[in-house]
Amino acid sequence: MDAGHPMRSIHMSDIRTTPSVTPQNCLNFADAALYLAGHTVADPYLRELHAKAASGEITVEEAGHLGEEYLCTKFGVDHE
């Protein structure tokens, strides 16, 4: 051990659990990817589902299922 840099004990209270990626980061990344592919999602309900999935309020699978049901109803397509 270097005398100028003594080893310090780390306690659980010293550890911060702040996520490095926020839900807004996820939304921004997805919007950018869609934009680069020539697409956008402007529907408020679909954007709300995306935000809920990004924040962990619902799973990605739940968001996909709800979005599929919504679009099928919106466009008059039978949903199994």
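A pocket is an open set of points, on a 1 Å grid over the protein atoms alone, with protein on both sides within 12 Å along at least five of seven lines; lining residues have an atom within 4 Å of a point. A volume is the space filled by probe spheres set on the points.

This is a predicted model: local features need pLDDT of at least 70, side-chain atom pairs count only at pLDDT 80 or more, and totals for linings use all residues. Residues are numbered from 1 along each chain, and side-chain values use heavy atoms.

**View 1. The largest pocket.** The largest pocket holds about 190 Å³ of space. Its lining includes Val 41, Leu 46, His 50, Gly 64 and Leu 71. Helix 2 and helix 3 each give two or more residues to this lining. Helices are DSSP runs (H or I, at least four residues), numbered from the N terminus.

**View 2. The aromatic pair.** One aromatic pair (ring centres within 6.5 Å) turns up in the whole structure. Tyr 45 lies in helix 2 (residues 44–55) and Tyr 70 in helix 3 (residues 60–74), so the pair ties together parts 25 residues apart in sequence. Tyr 45 is partly exposed, at 30% relative accessible area. Tyr 70 is partly exposed too, at 26%.

Key
Rings of Phe, Tyr and Trp (its six-membered ring) pair if their centres lie within 6.5 Å; planes under 30 degrees apart count as stacked, over 60 as edge-to-face and the rest as tilted. Buried means under 20% relative accessible area, exposed over 50%, partly exposed in between (1.4 Å probe, protein chains only). On a 1 Å grid over the protein atoms alone, a cavity is a set of points where a 1.4 Å probe fits but cannot get out, and a pocket is an open set with protein on both sides within 12 Å along at least five of seven lines; lining residues have an atom within 4 Å of a point.
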